[in-house]
Amino acid sequence: MEPSQKIDIKQMKVLLIFFIVGDLMWFLPSFTASASKQDAWISAIIGVVVGLGIASFIYGFSTKFPGMTLIDINRRVLGRFAGGVLSSFYLLHLLMNGSAQIRVIGDFMTTQMMTETPMRVVLFLFAAVVLISIRTGLPVIARTAQVFFMMFVVLFTILFLLLVPESEPHNLLPLASHNTAEMMRGGFFVIAFPFCQLTVFLMLFPLLEKEEMTFKSFITPVLYGGAAIVLVVTLSILVLGSFMTEHQIYSTYVMAKKISIGNFLQRLEAILVINYLLSTYFKCVISIYAFCRGVTILFGLSDYRVLALPLFLTMFGTAYVVSSDVVFLNSLGPAWALWEITEFLALIPFVYAMHLIRSRISGNQLGSS
Amino acid sequence: MRFMKQSLLLLLVLMTIAPLTTGCWNRRELNELAIQLGTSIDKIGGQYRVAVQVVIPGEVSARASSSGFSPVTLYHATASTVFEAFRKLTETSSRKIYSAHIRVLVLGESLAKDGISEVLDMFSRNPEARTDFYLMVARNTSAMQVLKTLTSLEKIPAENLFYALDTSAKTWAPTTTVTIEKLIEQLVTEGRSPVLTGVKMIGNTQRGEELSNVQEIDPAAQTRFIGLGVFRRDKLVGWLNEEQSKGYNYISNNVKSTAGHMKCPNGGIIGMETLRNYTKTQADIVNGKPIITLKVKNVSSITDVECQIDLKKPETIAALEHESELKIEGIMKAAVEHAKQTYGFDIFGFGHELYESHPRVWEKEKETWNEQFKQLEVKYEVEVKIHKIGTTNDSFLNYVKE
């Protein structure tokens with residue numbers, strides 16, 4: 001039997017923040033700036049506001065089905081077969097997402113830091129770390145997150161404070177010169193990437209120890225994560241300007257390179273990269289862990305850990321073949337965002353609507369609402 | 001037995017980890033690197049000649065006594081792309097060039113006239129190089145020649161160029177520093193054009209390469225920064241002289257501190273030091289026409305009096321402030337007029353200011369902006385404050401007796 005996988009609310013909060021910040025530091029500034037240039041920060045705010053709505057909806061959805069994972073919910077509402085098919089699509093999506101995180105790390109490392117290292121080496125090492133984490137179980141992952149969270153906050157604050165002197169308020173001008181459509185297009189990425197992906201937490205909520213997660217304890221970390229996104233996008237525009245933000249593949253890294261306090265406190269980018277790596281790692285681990293749980297439930301396995309090793313090889317392979325090169329991966333952005341939104345729409349509002357219809361037909365016998 | 005099993009397992013784990021912890025894949029030791037500090041690029045017959053100034057560690061180390069050789073060496077190679085030329089350097093260099101510590105990039109004048117964008121892409125794409133080096137254009141000489149001059153206060157000539165420009169930009173109005181990011185930003189921004197400081201050789205150029213150059217008190221050959229090069233798109237179109245460069249830097253808010261002089265009311269001149277300067281460019285629409293207002297706030301002090309003037313009277317200070325305001329206005333005006341007449345396009349980035357404050361007007365005007373620039377109305381609002389006059393009040397000049 002697998003060991004207990006229960007975690008407490010505090011740990012869930014930390015995981016939520018890590019998940020939302022996730023891999024966004026790598027590419028979100030450049031995605032939003034490509035749509036609305038110097039108004040990218042407004043896009044980010046729009047995205048976060050809409051995103052908070054989506055997050056609340058996901059939370060509301062979860063309270064209708066206490067103690068159930070998304071897979072259970074799908075099967076209960078749609079029946080064993082249809083629910084299983086929908087769940088399979090969702091699980092595939094989780095696997096792709098997790099692998100893409102690994103690929104992002106691989107691309108970054110071989111672009112900026114170790115240019116002559118074969119990417120497969122980076123992917124292999126990162127996937128191996130993910131494998132170990134998955135095998136140790138969610139409580140260990142959550143405790144790791146707690147340990148690193150302090151460091152994450154400190155490094156993030158350092159990044160923010162040290163970049164304030166480098167910022168150029170002129171870069172924001174002219175204010176709000178883009179029309180609503182362009183701003184929404186920038187916000188669209190913010191909505192898709194962290195917020196629609198929050199459905200993965202529907203796989204984790206049943207693993208909470210004792211108490212249920214209240215709305216406040218769910219939305220607070222989501223809000224912090226959203227604030228971090230807005231901050232990073234705004235800083236990137238302020239420090240690099242809209243052109244650089246849009247055209248640097250890793251604008252946050254280039255931004256960290258700019259730090260220079262009195263000509264001695266500089267070249268901190270390698271340290272600050274730890275931050276980006278950490279949040280990406282946790283996002284990857286959460287996605288892959290949710291995938292494992294999903295498969296376990298879907299196929300009625302007794303211990304998810306048997307999946308770890310084959311999964312490791314799958315991730316390593318998928319991360320390598322998911323894109324032929326860095327250009328293709330980045331050009332996938334809009335399509336990937338649409339995929340996230342479709343997954344969200346198909347899972348939450350659709351399943352919820354089905355649930356409402358079915359419970360009305362069968363006289364409220366199904367759901368607990 | 002259990003202990004045995006555990007230790008065996010531990011051993012196995014350690015053996016597995018060992019190959020993974022060998023450090024970077026492509027590690028490079030310090031003694032395998034040629035640290036590049038200065039770079040120059042010339043265009044010769046459609047090809048790029050890249051020269052790099054590489055430091056010789058033994059010669060600049062504080063502990064080891066110098067053996068009397070040059071502290072740096074120069075490698076150069078010519079190829080169709082800059083990166084190829086860099087690699088081709090290994091034909092002469094024993095080590096691979098390590099570009100992370102680059103301080104200056106000197107561009108040849110002919111290259112600058114043909115366009116610099118193609119060369120710059122490599123520097124912004126290459127992950128190794130830092131982007132905080134300064135760019136400059138060699139004037140009346142090849143870029144490579146600039147790197148060939150030995151200097152004494154800074155042992156490494158590239159460091160000398162870097163710090164000379166850095167100090168000069170901070171304390172002397174006609175020069176300014178440009179990093180590659182700033183340059184690219186200016187190149188891609190509508191309504192903006194870049195400038196680069198020019199560097200030229202003075203004295204006996206050939207002697208500069210010899211070690212005897214640094215054995216003299218007054219070196220036979222030196223490098224000197226002179227004037228700003230004006231670019232249209234990415235092509236060098238002309239040079240500003242010292243006064244015009246001053247004006248450009250005042251307008252672009254590049255002046256931090258500088259020295260100047262002005263006429264006294266009764267003849268003679270009086271020297272001034274600018275302690276702080278801030279210029280704000282404002283674009284307004286008046287009667288449907290764009291008007292640029294340059295608001296200068298300047299704090300100066302008097303450094304030397306070379307005329308008959310009574311510095312004990314408050315009215316004198318007010319008069320000097322006014323005189324100084326006129327002087328700065330005159331410098332800026334001359335630069336603007338020169339740009340209007342000689343270049344006929346907006347070298348100051350006024351168009352960008354208009355875009356920042358009136359984006360919709362700019363959309364309409366941008367096609368004809370350079371034509372409009374020739375008739376553009378520019379207003380000057382200069383405010384000079386003189387708070388200090390040095391340690392003496394009235395100059396002894398007023399009391400010199402036979």
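On a 1 Å grid over the protein atoms alone, a pocket is an open set of points with protein on both sides within 12 Å along at least five of seven lines, a cavity is a set where a 1.4 Å probe fits but cannot get out, and lining residues have an atom within 4 Å of a point. Points are joined across faces, edges and corners, and a volume is the space filled by probe spheres set on them. The model is predicted: local features need pLDDT of at least 70, side-chain atom pairs count only at pLDDT 80 or more, and totals for chains, interfaces and linings use all residues. Residues are numbered from 1 along each chain as its sequence is written, chains are lettered from A and ligands numbered from 1 in the order in which they are written, and side-chain values use heavy atoms, without hydrogens and water.

The second largest pocket has a volume of about 1000 Å³. It is lined by 35 residues, with Met113(A), Arg28(B), Tyr98(B), Pro127(B) and Glu128(B) the closest to its centre.

The structure also holds three cavities of 30 Å³ or more. Of the 15 residues lining the largest cavity, the closest to its centre are Tyr250(B), Gly260(B), His261(B), Thr274(B) and Ile328(B). The second largest cavity is lined by residues of chain A, including Leu24(A), Pro29(A) and Val233(A).

| Cavity | Volume |
|---|---|
| Largest cavity | about 170 Å³ |
| Second largest cavity | about 50 Å³ |

Ala, Val, Leu, Ile, Met, Phe, Trp, Tyr, Cys and Pro count as nonpolar, Asp, Glu, Lys and Arg as charged, and the others, Gly among them, as polar. For the largest cavity the lining divides into six nonpolar, six polar and three charged, and for the second largest cavity into nine nonpolar, no polar and no charged.
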